Amino acid sequence: MPLTGGNLLADLPATALPEEELTLLLAAPGLRLERIVSTGQASPPGFWYDQPQAEWVLLLAGAAGLLIEGEPAPRRLVPGDHLLIPAHVRHRVAWTDPVLPTVWLAAHLGAG
């Protein structure tokens, strides 16, 4: 595996993007690591993620509301907050900061 590196907070968009920006950082057996940049995006109405693998997310910048099915309100995430979402736990992004880029680090565990 080659030596790689960078800064997760570099090259953030200065204006809103039409869609989230996803950058694959690492792919290895059982692990996929991504940087996701949101600029006000949310999950489409009625859409829920239901993933076959666990996902660990860390919010690095911005803010977001993450709704877990069955919970009464979205969890507010701010920089430094992290959450392990087990496989098949339905969830959705209720909102992301419309002013500042929201930067997520997402690790998909058990990913093929």
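The entries below go from the whole chain down to single residues.

**Entry 1: ground rules.** I am working with a predicted model, in which local features need pLDDT of at least 70 and side-chain atom pairs count only at pLDDT 80 or more, while totals for chains, interfaces and linings use all residues. Residues are numbered from 1 along each chain as its sequence is written, and side-chain values use heavy atoms, with hydrogens and water left out.

**Entry 2: the whole chain.** I found zero helices and eight strands in the protein chain, so the pattern along the sequence reads β-β-β-β-β-β-β-β. The radius of gyration is 14 Å, close to the 13 Å from the globule rule for 112 residues, so the chain is as compact as a globular protein of that length. For my own record, that radius is taken over C-alpha atoms, and the globule rule is 2.2 Å times the number of residues to the power 0.38. Along its principal axes the C-alpha trace spans about 45 × 35 × 25 Å.

**Entry 3: surface and contacts.** The accessible surface of the protein chain is about 6,500 Å², and 62% of this belongs to carbon and sulfur atoms. I note that accessible areas come from the Shrake-Rupley method with a 1.4 Å probe, and for residues only the protein chains shown count as cover. I call a residue buried under 20% relative accessible area, exposed over 50%, and partly exposed in between. Buried residues make up 37% of the 112 residues. I then turned to contacts, meaning heavy atoms within 4.5 Å. Of the contacts with a separation of 6 or more, 68% are between residues 24 or more positions apart.

Entry 4: How do β1 and β2 run relative to one another, parallel or antiparallel? They run antiparallel, joined by seven bridges; strands count as paired if DSSP finds at least two bridges between them. A hairpin through one residue joins β1 to β2. I also noted that Thr23 stands opposite Arg35 in β2.

**Entry 5: salt bridges.** My rule was a side-chain nitrogen of Lys or Arg within 4 Å of a carboxyl oxygen of Asp or Glu.
- Arg35 lies in β2 (residues 30-38) and Glu21 in β1 (residues 21-28), so the pair ties together parts that are 14 residues apart in sequence. Arg35 is buried at 8%, whereas Glu21 is partly exposed at 28%.
- Arg32 pairs with Glu34, their closest N and O atoms being 2.9 Å apart. Here Arg32 is partly exposed at 28% and Glu34 is buried at 7%.
- Arg90 pairs with Glu69, with the closest N and O atoms 3.0 Å apart. This pair links distant parts of the chain, 21 residues apart: Arg90 sits in the loop between β6 (82-85) and β7 (91-96), and Glu69 in the loop between β4 (64-68) and β5 (75-77). Arg90 is partly exposed at 29%, and so is Glu69, at 44%.

**Entry 6: the nonpolar core.** I looked for sets of buried Ala, Val, Leu, Ile, Met, Phe, Trp, Tyr and Cys residues joined through side-chain atoms within 4.5 Å. The largest such core has twelve residues, among them Ile36, Leu66, Val93 and Trp104. Two or more residues come from each of β3 (54-61), β4, β6 and β8 (102-111). Which strand gives the most? That is β4, with three residues. Leaving aside neighbours within four places in sequence, Val93 is in contact with Gln41, Ala42, Ser43, Gly65, Leu66 and Trp104.

Entry 7: Most residues other than glycine have a negative phi. Asp11 has a positive phi, near 60°; Asp11 lies in the segment before β1 and is exposed at 73%. His88, in the loop between β6 and β7, also has a positive phi, near 65°. Thr15 is in the segment before β1 and is exposed at 58%. Thr15 and Thr39 are 24 residues apart in sequence and 7.9 Å apart in space, C-alpha to C-alpha.

Key: Helices (H or I, at least four residues) and strands (E, at least two) are DSSP runs, numbered from the N terminus. Buried means under 20% relative accessible area, exposed over 50%, partly exposed in between (1.4 Å probe, protein chains only).
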